[in-house]
Amino acid sequence: EVTGQLRFDAPAIERLGVPAYNWWNEALHGVGRAGLARVYPMPIAMAATFRPGWVQNVFADVAAEARQKYRAAQDTGGTGDYTGLTFFTPNINIFRDPRWGRGMETYGEDPYLTARMGLACVEGLQHGWEEDWQGRPLLTAACLKHFAVHSGPEGTRHEFDSRVSDRDLRTTYLPAFEYIIKNSDVRQVMCGYNRLNGSPCCTNRRLFDILRNEWHYNGLLVTDCWALNDAYETDTVIPRHRTHATAALAYSDAFGREVDLECGSGLPALREAWSAGILPATKIDEHVRRLLRVRLAVTDEPVPAEEEVCREPVPFGIERASMVLLKNDNTLPLARGTRVYLEGPNATDTLMPLGNYNGTPDHTVSIREGLLNIRDGKGNMLQLVSTADSADVIVYAGGLSPQLEGEELQVDEPGFYRGDRTQIELPAYQVADIRRLKQSGKPLVLLLCTGSALGLEEVVDEADAILVAWYGGEDMGSAVAWQMCFPAGRSLFGRLPVTFYRNTRQLPPFDDYAMQGRTYRYMEAEPLFPFGYGLDYSSCRLEKASFDPASLTVTATVHADSCRMPKCITSPIVQVYLKNPSDPDGPRKQLVGVGEGHLFAGTSDEVSIQLDPFWFRQYNPATDRMEEPADGTQMTLQVGFSSADKDLVDIPFTYRI
């Protein structure tokens, strides 16, 4: 009875009145795999908003829908997969290389942005919209995954050994986990498939020590699904770690230490380890106490009214604010009555916007449908025509597809392998299409649907405008049309949560986990579009910026010179980066704060950004810890609109303890 509770599909214990429960549920961007449910943009798109509060609202809405689904399942006696309230969400791995197929599930390449967005997801899922989670009921239980240093390759993930320096581990791969654990009551952490420096993550003593003893995390540690099998199975089809001679030894290493719950089928091995005396009964009891504590907290709560979970409906703006405008040579927004010729592999696709780990929406809007249906007060805004010659503007809907990039896919097409990419350039046929369409002489809008960065060096000069729409959820087509036409109101665009490299040659080898040369934090070469970059329909500039070291507050005054539409409200994203010359082996710079302005053309707005000392820490190799800088350390803050130096204003200061 007791060991049975350590598996994800825990059976009922009828004599004690304990019902069956299934711990495996998904909520990556909406309730997943559980029938009809709203499908939001993928996490990489949410990250592009740079607005954690909006992300919390999304997941508060997801929590409300999850509670309703759980109640419906209970009414019908359902206890199978995807019927519970414990979710394997969010994925807070660092998107270190754009070739990783699952990068779309993450919040990008930056530890600070990943931590802030991941924390917003956890707070929304577990406690709804309320910012202060203390005392709030537990609506669902979130799970930080995959602990740790997990980001491909997908094709070898069951045998892959992530070799990482202590510095990179502490400065890049662990901070988001640490920050969320220390700033929330997150109830679950999931260990990954990969090995870390020789040891599988789900039996890794160093990771266990950091999690339990350094961070004092007392929630559940869950295995990735069937991850423990990789430690002992000798499968000739799928290469595996094979670090343990028997299943019992692998399970005693995991459950004899810190793993509480297995997503997998190892119950016989658990019982064998217990019978052999290598897995103490006292340790099993400890795991069961943790499991029941979380399970009772989340399932025994009465279902609150929806308005108590989500303060207001999630704005349609989350889809709009996720889109990033990379280029615009006076082409967008499109004027009323513009004749548009639409072409490209993603023009009519209704599955592409749903990404992966998705639910089943009650409707979808393709890009073509969105452009056809967009209206203002006077009627239909655009005309879709059948030839490029008869058009005023050409829109090419290209990019990628979640059928090509994703989790361990059986794909072996040119440029793709097992869900990952082997090159980041657009497929060759799309480059040819774009060049052919450019010969028409008409303005060309390149609309990119993707879960990751693309190498656009071959086509950037061919396009008059480039809009990155990611995999934007069920209403993606409507949001795309709105962004392209902008009938009225608020100019709302996102910023890049990943670096857009020029080409594949700018990348280090995919299976090299060293951060040197990777992401905006460590690369020396100039990318095509930098992290944090994004245009708007308004022209904004930073008038002045100051920093108060005593309160760790940045104050920035932003001015909007103009807007391409009348009575336009613009909402620029102000970014704060830190440079620390006293740590020459650390990142060149790193994001430490984000704020948002709201202003009309011709006006200014003052943006105040509170910084957290957590993000000022630097690595000390003597102690293998992240530590506060010494008193008197000379540092520089950079304030502006992207990670590129030319877009930032420097504020030197002296760090004081």
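**Salt bridges in a predicted model**

Let's start with Arg-505, which has 69% relative accessibility and so counts as exposed. Quick cut-offs: buried means under 20% relative accessible area, exposed means over 50%, and partly exposed is in between, using a 1.4 Å probe and protein chains only.

Some background before we go on. This is a predicted model, where local features need pLDDT of at least 70 and side-chain atom pairs count only at pLDDT 80 or more, while totals for chains, interfaces and linings use all residues. Residues are numbered from 1 along each chain as its sequence is written, and side-chain values use heavy atoms, leaving out hydrogens and water.

So who is the partner of Arg-505? Arg-505 makes a salt bridge with Glu-457, with the closest N and O atoms 4.0 Å apart. A salt bridge here is a side-chain nitrogen of Lys or Arg within 4 Å of a carboxyl oxygen of Asp or Glu. Glu-457 sits in the loop between strand 17 (444–449) and strand 18 (465–468), and Arg-505 in the loop between strand 19 (490–491) and helix 15 (519–522), so this pair ties together parts 48 residues apart in sequence. Helices (H or I, at least four residues) and strands (E, at least two) are DSSP runs numbered from the N terminus.

Next pair: Lys-283 and Glu-286, at 3.4 Å between the closest N and O atoms. They are three residues apart in helix 9 (residues 281–299), so about one helical turn separates them. Lys-283 is buried at 15%, and Glu-286 is partly exposed at 27%.

Finally, how many salt bridges does the whole structure have? The search finds 47.
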